Amino acid sequence: MTKNTRQVKIGNVVIGGGNPVAVQSMASEKTEDVRATVEQIKRLEEAGCELIRVAVPSREAVEALPKIKKEINIPLIADIHFHWEYAVGAIEAGVDKIRINPGNIGGEDLVAKIVEKAKEHDTAIRIGVNSGSLHPKYYKEEDIPTALVKSCLEYIRFCEKFDFHNIVLSVKSSSVVDSIKAYRMLSEQTDYPLHLGITEAGSLMKGTVKSAVGLGVLLADGIGDTMRVSLSADPVHEVQVAYQILQSLGLRSYGPEIISCPTCGRCDIDVIPVVEEIEKRLMTMRTPLKVAIMGCVVNGPGEARDADIGIAGGKQEGVLFKGGKAIRRVPAEDMVEVLMGEIEKLIDDVKEKEARD
Ligand code: SF4
């Protein structure tokens, strides 16, 4: 059960207040290169990205924002460090949210200009405090999570002085343990919606594990209203991994779930290439189905029976299960095509039923 935070509207997406945890990513193309950025955002949209952030490190990037916004279908977030005038420019350019770390903007008077402009345009601000860019005055705190939270709370109070509440918060660290502690602490002290992330989490494999552990623990506690998985990889993977984390916790659906055995010495069929091929082909499907691909008769029939569609391996063949019943035997070399054929039929049935309802 997600904690009941305040609702904040970011373009056409509402986060907080029990809404589904929204998945976001960050474009890695140069924002100044409108065409490349838009192309990348389109790929991210297709993968299910619901909010997109772009870096705004120059005047040219500010000028690119309205052109990018015109071409995309999801809310646009401008990420700004150091330059208050870029933040004001981004808000005037019509972005749906800006992300700043008020500690590196250069003074309260400059942060005030941003907050006043955001209020005037009804633009949300994410106060994004990171362990790597903490204001030096917080270095003396006893630990990083306390420093992150104290700094974040101080910035909230600053925004509230302007009667500005269109706020989203993040307290990211590259340490999973520090991030969990910081978000838990922050969640107890505020009801503004939280954007979750483990910053600079690493490569596709290592970053996925760190994000799944860190964000998974928080999400299981009901903490988090939006999330980004930060990976040193194509950002499309960030979206896919975020949904896999959410799906594994039963918080969002992202298409078919594959139950597959890790294989062992009892296996007489080559399960791994079948799983890889089916997973690849199901990547763009969004119908929630359970597909089991199992190697032998120990757990195979049970899992296959439990799934919408499944196969349990035997001697160079498998038994196909559908809706809990064994249907027929399938030679090992035909498994992928037979499974895909059955999955496609099931998806058509689901779609037809949805259309009737
Ligand atoms: S299902 Fe069978 S082959 Fe697969 S891991 Fe379990 S015992 Fe081994």
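Five strands build an open sheet with mixed pairing, in the order S11-S12-S13-S14-S15. Strands are DSSP runs of E with at least two residues, helices are runs of H or I with at least four, and both are numbered from the N terminus; two strands pair if DSSP finds at least two bridges between them. Strands S11 (257-260) and S15 (325-331) are at the edges with a single partner strand each, so one side of each has no neighbour in the sheet.

This is a predicted model, where local features need pLDDT of at least 70, side-chain atom pairs count only at pLDDT 80 or more, and totals for chains, interfaces and linings use all residues. Residues are numbered from 1 along each chain as its sequence is written.

S11 pairs with S12 (residues 290-294) in the parallel sense over 4 bridges.

Now let's turn to the helices. Axes are lines fitted to C-alpha atoms, for helices over the stretch in contact, with angles from 0 to 180 degrees between N-to-C directions.

| Helix pair | Angle | Axis distance |
|---|---|---|
| H1 (residues 34-47) and H2 (residues 59-71) | about 35° | 10 Å |
| H1 and H8 (residues 235-248) | roughly 20° | within 9 Å |

H1 and H8 are therefore roughly parallel to each other, a term for angles under 35 degrees. Their contact (C-beta atoms, placed from the backbone, within 7 Å) is made by Arg-43, Leu-44 and Ala-47 of H1 with Pro-235, Val-236, Val-239 and Gln-240 of H8.

On the H2 contact, H1 contributes Val-34, Thr-37 and Val-38, while H2 brings Ala-64, Lys-67, Ile-68 and Glu-71.

Methods:
Contact = placed C-beta atoms within 7 Å. Parallel < 35°, antiparallel > 145°, perpendicular 65-115°, else oblique.
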